[in-house]
Amino acid sequence: MKVSIVTDRKALPQELIIPVEQHDKTGHFLTSLATQFELPNGFITDFKGKYKETLVLYSNQKNPSKIYLVGLGKKPSFIKTREALRSFAFQKKDKFDQSIGLETTYLSTPLALEAAINGLELSTYNIHLFHSKTVKPHFLTTNNLEILLNEENNSLKKEAIQKGIATGETQKQAFDLVNLDAAHLKPTALANWAVQSGKKYGYEVKVFDKTASAQLGLKAFLAVNRASEFAPAFIVAEYRPKNLSTAPKVGFVGKGVTFDTGGLNIKTAGMHFMKSDMGGAAAVLGAIELTAKLQLPIHLTVIVPATDNCVDALAIRPSDVIDSFSGKTIEIIDTDAEGRLTLADGVAYMIKNYQPDVLIDVATLTGSSIRALGYHAGALFSSSSELANELKAVGERTGERLWELPLYEEFINELKSDVADIRNLGTRPMAGASTAAKFVQFFTDNHPKWAHLDIAGVAFSDSEYTKQKAGTAFGVNLLVEYLKGLIKNSSQEESA
Ligand code: BES
Ligand code: MN
Ligand code: ZN
């Protein structure tokens, strides 16, 4: 989406979008609009500014001659503002084919402006990956969005506009990664995506194939890949900022299971959803792309152990004992608890080679987290209440909600194995999200600032924009906003 900034109302294009909040004074605002644009008065009492309410008005003036009111609702949050604009521009995608203006009275803070621009950018997403008929390009991809700002030199607002676009572009990439089926998004294709993104935005990407992974000793990861036709890819991406020596060191690990059949413990219903089992990978790869684009002063390393989980004569069996990168042995109870095996090697490799100050893993890990929280929040686990609170607060702001679940010491008892250091499934069918988190924690070497985000319920959802479930890019903005907060905190510490 291309934008330009207009400071003179007279320079607006013919069509104008006006987001409107719902509150006591909405009527006054509408009255002033009526005067300003010579509009008939009837609409003032009709339009309330309710969330996603829209109204088209015709003016006698030339620029603009057509005005679209878009309701934001009462005290709109980031996500409400984003979704109101996204929904509007998505529904109108075939109606417009010229430049359009955006009035910003109700987008007066940089954050509200970012939300609106992000929503408009996201509205251009085209999921028709393999439709043979080509679809008409979205008007915002072929025409300018002209944003009316009163102040000419508002660098914070210009930054917010850029952030909204940059985030949306990366989120759309994350949508594609999740929406692509496993025959098209093989582990090597996911790795190639990272390599290309790294080249484009300036971060380094190393990809370890099967042989290299074996040499590194990534045995739990390779155990999951054993039955697969497709080569595994252990992806290590590193973004080094200019201030490398003083930058906070952060590590993200994402579950990159490109398809999860369950293995020998084969899944039945809903297996087609399992093309989304690399939603964690999409989140962390999106996050590093956006971090590099925004050139954040953070030394960020991202690891994605990418493989699918298949059925074959070579497949790992329930009862097999496997090795792992950490040297700890694992008794396989259920081959469908495969994500934690890949994460075990991912986090252990990260800690050994990169020693991050903060370590966050993101994974579509358990159906249990969905049973606990539904589709409304990701499950959060952390060794640090400070980190947990920070992530929760950021998620409330960006609309990527997290809810904390416990990591009680007792859960480790559920994972005791007679024959190995740990088993990959709890002994009882309860607290499955917590025992999965505990399993991952076992490989973190008691990292004091570790968090685990189980995003099984929120990475792939029903949406207004698709007939079936689709990728949500959950985690991309959350992780980057978390990093931005970290920069603020660490520079405050320095100056204190
Ligand atoms: N990828 C699934 C978790 C999942 C379920 C993600 C539904 C998205 C939607 C994971 O690998 C899995 O199979 N988990 C099992 C674990 C069980 C066998 C211990 C689950 O949660 O049912
Ligand atoms: Mn599974
Ligand atoms: Zn899985």
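1. Start with the nitrogen end of the contacts: a nitrogen atom of ligand 1 sits 2.8 Å from an N or O atom in the side chain of D277. That is a polar contact, meaning a pair of N or O atoms within 3.5 Å. Taken alone, ligand 1 exposes 510 Å², and the protein buries 80% of that (accessible areas here come from the Shrake-Rupley method with a 1.4 Å probe).

2. Before you go on, note that this is a predicted model, where local features need pLDDT of at least 70, side-chain atom pairs count only at pLDDT 80 or more, and totals for chains, interfaces and linings use all residues. Residues are numbered from 1 along each chain as its sequence is written, chains are lettered from A and ligands numbered from 1 in the order in which they are written, and side-chain values use heavy atoms, with hydrogens and water left out.

3. One is 2.9 Å from an N or O atom in the side chain of D260, and an oxygen atom is 3.1 Å from an N or O atom in the side chain of K255.

4. Who else is around? Ligand 1 has 15 residues around it, and K267, D277, D336, G367 and L425 come nearest (to count, a residue needs a heavy atom within 4 Å). By class, this shell has 5 nonpolar, 3 polar and 7 charged residues; Asp, Glu, Lys and Arg count as charged, and Gly is among the polar ones.

5. Now the space itself. Ligand 1 takes up the second largest pocket (more than half of its atoms lie within 2 Å of the grid points). A pocket is an open set of points on a 1 Å grid where a 1.4 Å probe fits, with protein on both sides within 12 Å along at least five of seven lines; lining residues have an atom within 4 Å of a point. About 920 Å³ of space lies in this pocket. Its lining has 39 residues, with K267, L365, T366, G367 and S368 closest to the centre.

6. Which helix gives the largest share of that lining? It is α12, with 4 residues. Both α12 (367-373) and α14 (432-441) supply at least two (helices are DSSP runs of H or I, at least four residues; strands are E, at least two). The lining divides into 16 nonpolar, 12 polar and 11 charged residues.

7. Two backbone spots deserve a look. The peptide bond from N63 to P64 is cis, with omega near 0 degrees, and P64 is in the loop between β3 (54-58) and β4 (66-73). E38, in the loop between α1 (26-36) and α2 (43-46), has a positive phi, near 50 degrees. Most residues other than glycine have a negative phi, and most peptide bonds are trans.

Conventions. A polar contact is a pair of N or O atoms within 3.5 Å; within protein, one must be able to donate a hydrogen and the other to accept it, and residues adjacent in sequence count only if both atoms are side-chain atoms. Grid points are joined across faces, edges and corners, and a volume is the space filled by probe spheres set on the points.
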